[in-house]
Amino acid sequence: MVSLFLLACNLPAQSRIGTGAVVDLYEQHCLACHGQSLEGGLGSNLVDDEWIHGDSDADMARVIREGVLDKGMVPYEGVLSDEEIQSLVIYIREMRQIALAETATQAREPVEGVFTSEHHSFTLEEVLKLEGDIFWSISFLPDGGMLLAKFGGELFVARDGQLGEPIKDLPEVDRYGQGGLLEAQAHPDYEENGWIYLGYSERSKAASGQNAYMTVIARGRIKDGQWIDHEDIFRAPDKFYGRSGVHFGTRFVFQDGYLYFSIGDRGVMQEAQDLGFPNGKIHRIHEDGRIPSDNPFLEEEGAIPSIWSYGNRNAQGLDLHPITGEIWSTEHGPRGGDELNRIERGVNYGWPAISYGINYNGKPITGRTAAPGMAQPVHYWTPSIAVCGIDFYEGDAFPKWKNDLFVGGLRSEQLERFKLDGDKVEEHEIVLQGQGRVRDVATGPDGALYLILNENRNGGPSRVVRLVPSNN
């Protein structure tokens, strides 16, 4: 059997699962009993998915902390800190995923081109092959045209399986690290007003900030293949532009004349808890950029008035529940701790004070996964799947999926489905796996479910595919 540790070292650098400082922690305290690959020995097998003392994170932490004396496992309370115990829980989760990954992928291979899921069988049809840079977002125009944003800063409209020429005179997008053209979406009343909204990264225009970047929200119209009527909707003051190349957000939700959008913590985690910074927040503005008079922190001295929620590390999935009108988001955790959240007015979602993840280098961030006044995720992923675009399915082609939430995973190359009842998950399954990095998800006007699949994290061809019901 190939060592799980060696398999982990061959994974993409983005995930770094099974590596780093936590390995030393495991080898010092656990290896002698549980083995190099957690396969067991004097102690039990930790990757066989059979935990007789419970396999929730809390159960695993309790067993490490209190021990199992009748089985010869000593307690580590007082030896290991809460942060170190949480790190070991995440490491065990990572190694279990590595052990199960190959089997899980094989189980979701199509049979004669047909994929099966809990409620529906479907085929995967390629709609567009997209060469070059990463394509980031997909949405639909009322006439059925697909609006496609390319990470490097180009916007396209595709019709009848053909990609049009890039829209001319688009605002300048300053690609930097994880920053680029991150969202393009038509206004819900596009047929009447023609507005298209963009979210993208911009370099500071101030002489002192030439290498500083921030997320910008703008809108404009397309006429004869050209961007016109450009308006800035949200631009943070120059002092908030930063040199970090990570965590720009952003996705959009339109509701009742308001626009909600996300900005990541920009790599400065503590700013997500500081209402004086726009970073690590979900924002709410009027569709023309004005600040609503009932935003939760409007009267708080020093607070950014557009903030709707905070403690959101880097939300790159945002959508509106079609029945309840609730706003839902997915946000990237660090190494572990990706989250699915129901976004509510003025709520603190905890980052980085609480987290189900650890640092990329395997060192702990916090030993707390919960704290008073901080919301718990409805669902979390450890290890991380690198959550991205989400969509509540609103079509008719898959009736048993109606109003279910679909979540894309980049690192995991998964499409996951959730049936939700309030803040409870009634059903959860992996619908698709191993077909590419799932960047964005959208219900098409034909009732099919459309995906943008990226070949890899550094570029290469992208594809637009759609899930259509199988005739089998």
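These legends go with a set of close-up views of one predicted protein model.

The model is predicted, so local features need pLDDT of at least 70 and side-chain atom pairs count only at pLDDT 80 or more, while totals for chains, interfaces and linings use all residues. Residues are numbered from 1 along each chain as its sequence is written, and side-chain values use heavy atoms, with hydrogens and water left out.

**View 1. The whole chain, before zooming in.**
The protein chain has 6 helices and 25 strands; these are DSSP runs numbered from the N terminus, helices being H or I with at least four residues and strands E with at least two. Its C-alpha trace spans about 75 × 60 × 40 Å along the principal axes. The radius of gyration is 23 Å, which agrees with the value near 23 Å for a compact globule of 472 residues (taken over C-alpha atoms; the rule is 2.2 Å times the number of residues to the power 0.38). Of the 472 residues, 55% are buried (buried is under 20% relative accessible area, exposed over 50%, partly exposed in between, with a 1.4 Å probe and protein chains only). Take the contacts between residues at least 6 apart in sequence: 58% of them join residues at least 24 apart, a contact being heavy atoms within 4.5 Å.

**View 2. Helix α4 and the glycine after it.**
In α4, residues 57–66, the buried residues are Asp57, Met60, Ala61, Val63 and Ile64. Looking down the axis of α4, they fall within an arc of 160 degrees, so they line one face of the helix. Next up is Gly67, which follows α4 and has a positive phi, near 75 degrees.

**View 3. Thr250 in its loop.**
Thr250 lies in the loop between β10 (226–235) and β11 (252–255). Thr250 is buried, at 0% relative accessible area. Leaving aside neighbours within four places in sequence, its contacts include Leu182, Glu183, Phe261 and Ala315. Ala315 is 65 residues away along the chain, yet the two C-alpha atoms are separated by 6.6 Å.

**View 4. Ser329 in strand β16.**
Ser329 belongs to β16, residues 327–331, and is buried with a relative accessible area of 0%. Beyond its neighbours within four places in sequence, Ser329 touches residues including Ala315, Gly317, Asn341 and Ile390.

**View 5. Two cis peptide bonds.**
Most peptide bonds are trans. Trp351 and Pro352 are joined by a cis one, with omega about -5 degrees, and Pro352 is in the loop between β17 (338–343) and β18 (379–381). The bond from Thr382 to Pro383 is cis too, with omega near 5 degrees; Pro383 sits in the loop between β18 and β19 (387–392).

Most residues other than glycine have a negative phi. Asn403 has phi near 70 degrees; its loop runs between β19 and β20 (405–409), and at 22% relative accessibility Asn403 is partly exposed. Glu413 has phi near 55 degrees, lies in the loop between β20 and β21 (414–421), and is partly exposed at 25%.

Key. Arc of directions from axis to C-beta.
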